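Subject: Structure for you to look over

Hi,

Here is the structure I said I would pass on. Please open it alongside this email; my notes follow below.

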Amino acid sequence: MDAMIQCGVPDGNPQNGQTKAQQIALGLFRNSFTTSMQKTTEDLRAGFKHYATLTVANGRITLDSNIKENIQAFMQWCRDEIRMGSTTILSHRC
C-alpha cells in the first residue's frame, strides 16, 4: 500500500473499509511485489479500467494518467529489482 501512495494513489476517505491505495495494492498486486512479474501492461490497464467502471457505491477509482504511469513505472522497477536478485523487495508488501 505504501508503494501505491508513493505513486500518487489517494490514501484518504476509506470506502468499504479500504482506501483507494489499499484497494489498488490488494486488487492489482495482491499486496505483493512479486505479482509484478506475472502482470502485463495490458493486465494493468484492464485493472485500471475495471476500477473506473465500478459504481461509486462499489468503489469506483479513477486515476489520472500520471498516476497510472507511476504505477506502471513502479511495476517495472519491481521487475528489475527481482531480476537483479534483490531480496529486500521480496520481504516487503506493496
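**A buried serine**

Serine 36 counts as buried, at 0% relative accessibility. Keep in mind that this is a predicted model. Serine 36 sits in the loop between H2 and H3. Setting aside neighbours within four places in sequence, serine 36 is in contact with Met75, Cys78, Arg79 and Ile82.

**The cysteines**

The cut-off for a disulfide is sulfur atoms within 2.5 Å. The sulfur of cysteine 7 has its closest cysteine sulfur in cysteine 78, at 8.5 Å, which is too far for a bond. Cysteine 78 is buried, at 0% relative accessibility. Cysteine 7 is buried too, with a relative accessible area of 7%.

**The nonpolar core**

The largest nonpolar core has 21 residues. Those with the most contacts inside it are Met4, Val9, Ile24, Phe29, Leu63, Ile71 and Phe74. Helix H1 (2-6), H2, helix H3 (41-53) and H4 each supply at least two residues of this core.

Two of these residues deserve a look.

- Isoleucine 24 lies in helix H2. Its relative accessibility is 1%, so it counts as buried. Leaving aside neighbours within four places in sequence, isoleucine 24 is in contact with Met4, Val9, Phe29, Tyr51, Ile61, Leu63 and Ile71. Isoleucine 24 and methionine 4 are 20 residues apart in sequence, yet 7.3 Å apart in space, C-alpha to C-alpha.
- Isoleucine 71 touches Met4, Cys7, Val9, Ile24, Phe29, Leu44, Phe48 and Leu63. Residues up to four places away in sequence are not counted there.

**The aromatic pair**

Phe29 and Phe74, both listed for the core, come up again here. There is one aromatic pair. The ring centres of phenylalanine 29 and phenylalanine 74 are 5.8 Å apart, and their planes stand at 85°, so the pair is edge-to-face. Planes over 60 degrees apart count that way. Why does this pair tie together parts that are 45 residues apart in sequence? Because phenylalanine 29 lies in helix H2 (residues 20-29) and phenylalanine 74 in helix H4 (residues 65-83). Phenylalanine 29 is buried, with a relative accessible area of 1%. Phenylalanine 74 is buried as well, at 9% relative accessibility.

**H3 against H4**

Now the helix packing. The axes of H3 and H4 come within 11 Å. They cross at roughly 145°. The crossing of H3 past H4 is right-handed. On the H3 side, Thr41, Leu44 and Phe48 make the contact. On the H4 side, Lys68, Ile71, Gln72 and Met75 do.

**Two asparagines to check**

Most residues other than glycine have a negative phi. Which residues depart from that here? One is asparagine 16, with a positive phi of about 55°. Asparagine 16 is in the loop between H1 and H2. At 58% relative accessibility, asparagine 16 counts as exposed. Another is asparagine 31, whose phi is positive and near 55°. Asparagine 31 lies in the loop between H2 and H3, where serine 36 is also found.

Best wishes

Technical notes:
Residues numbered from 1 in each chain as written. Predicted model: local features only at pLDDT ≥ 70, side-chain atom pairs only at ≥ 80, totals over all residues. Heavy atoms only, no water. Phe/Tyr/Trp six-rings, centres within 6.5 Å; stacked < 30°, edge-to-face > 60°. Helix = DSSP H or I, 4+ residues; strand = E, 2+ residues; numbered from the N terminus. Buried < 20%, exposed > 50% of the residue type's maximum accessible area, 1.4 Å probe, protein only. Core = buried A, V, L, I, M, F, W, Y, C linked by side-chain atoms within 4.5 Å. Contact = heavy atoms within 4.5 Å. Axes fitted to C-alpha atoms, helices over the stretch in contact; angles between N-to-C directions. Left-handed = near helix turned anticlockwise from the far one by under 90°.
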